[in-house]
Amino acid sequence: MATPIKRIEKDFYLKLLYDEQIPIIFLRNRTEYVLRVERPTEKDISLQADTLIPGLKPRRRMHLIFEYQAKVIAFTVETETIRDTHITGKAPEFLYRDLNRSHSRVINPPDLKIQFSLQGERYALSFPKVEDFESVEIPEFTQGLNPPDLNGLVTKIGAWIKGFSGEYTLVFFKDKPPTITEERILAETGKTIFLPSTKAALPRTDPNPKKKLVTEDIFKRYLESIGVGAKYLDEALARYLRTKFEGGIFSDTWVPILFHEYVIGYIHVWLNKEGLPPLTKEILDTLCQFARTLAHSLKTNGYFDAGMLTNKPFTGNVLDISASGLLFSYPSSDLTSALLPDAELSVTFNAPVKIGTGQPGGAIRTIQAAAQIVRRFTDRTTNYFGCQFLDIAPEDTRFLFEFIYGRPFTGDDADTPAQAKFFTGHV
């Protein structure tokens, strides 16, 4: 993984680029340009290219690399002024090292056409949404039930809870939006509130590998978000727990019902009789299984069909591309609500074939690949997605490499470079 260089060392490298006139490499439209720093770098950086760079405009990002003592270092400059071969921009905020070799990301060649489509089922629903989600699977212990039989499933849940003298409510956010504290926390986090005893505290850590519990820190962050001052957080949390105990709730849990990235509702279970054995981890695990089965049953009954997104191809604005991934943008829409980290896309490349390859003039080569979204960030109107290629044929990798870099693919290029994750925006 690319490592950011700390400020003092960054300043050293920027000074070194000027003092020793170290060549800086910029790749655009399959042509490699060499630049050097013209004057000492302070707030701005001044570069001079070895030749005119066609098509380069102000307010465009240049992804640059240089080598020093056998280490490749990368940084990005946003251009401000361009006069012939002289380029100025803001001094880079970060430099990155630990790059295995010099595969840089480049501006997408204009004659490379790229289309995307979603893999698997995706939905745009009017429920609270969280970033982390799992596919819905039927737990083994409920596979004897007929999934469409919602009433039978709810009856079974109720009978099981009554068996240990518990009380419960089943709430769907389609009927009512989140309002009370617990509902808001579930809707924002998709995590479970678990209090075996309301005399005790929330857990300080979550032992689950996938971090499914609301911890003390998460609860305090919620309190801060609604305006509770930092010095009052402990008092507010203690008051929350005390209110439960004094209200006759001695053991308590709130389990979200998740469908893809949506929190569609929850199961609330509590004990209101003192002296009963508290809710246990085993009970909580069973409730989580019921919640998954409920979501599956609702899906089977067509509850979410109206929100299903069709897998029609779409064309994003590809900002840059490397041998192992790309970065594209897309306006905020129902589609982008489903383009979350770890989502997989089908990618289609259409590129003209060069003369002399044995192909007829004007031939187009089509490449199919799978890609995974590994990073997402957003401004006011647009979403940006850093993607890593997962499945692409070796001969297609070679062709794509030679097409975007304008040089032959060699044995040294055969391994996916670690730094490609940096160059496609994956760090």
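Helix axes are lines fitted to C-alpha atoms over the stretch in contact, and angles run from 0 to 180 degrees between N-to-C directions. The model is predicted: local features need pLDDT of at least 70, side-chain atom pairs count only at pLDDT 80 or more, and totals for chains, interfaces and linings use all residues. Residues are numbered from 1 along each chain as its sequence is written, and side-chain values use heavy atoms, with hydrogens and water left out.

Helices (H or I, at least four residues) and strands (E, at least two) are DSSP runs, numbered from the N terminus. Helix α4 (residues 216-225) packs on helix α5 (residues 233-246) at about 105°, and their axes lie 10 Å apart. The two are therefore roughly perpendicular (65 to 115 degrees). Contact (heavy atoms within 4.5 Å) involves Glu216, Phe219, Lys220, Leu223 and Glu224 of α4. From α5 come Leu233, Asp234, Ala236, Leu237 and Tyr240. Six of these contact residues are nonpolar, four are charged and none is polar (Ala, Val, Leu, Ile, Met, Phe, Trp, Tyr, Cys and Pro count as nonpolar, Asp, Glu, Lys and Arg as charged, the others, Gly among them, as polar).

Strands pair if DSSP finds at least two bridges between them. Strand β2 (residues 24-28) runs antiparallel to strand β3 (residues 31-37), joined by five bridges. Ile25 stands opposite Val34 of β3. Three bridges link β3 to strand β4 (residues 44-49), again antiparallel. Here Val37 faces Leu47 of β4. A hairpin of six residues connects β3 to β4.

Helix α6 (residues 281-300) has 20 residues, so at 1.5 Å a residue it should span 28 Å (1.5 Å times one less than the number of residues). Its end C-alpha atoms are 29 Å apart, which agrees. Just after α6, Gly302 adopts a positive phi of about 80°.

Note on methods. Parallel < 35°, antiparallel > 145°, perpendicular 65-115°, else oblique.
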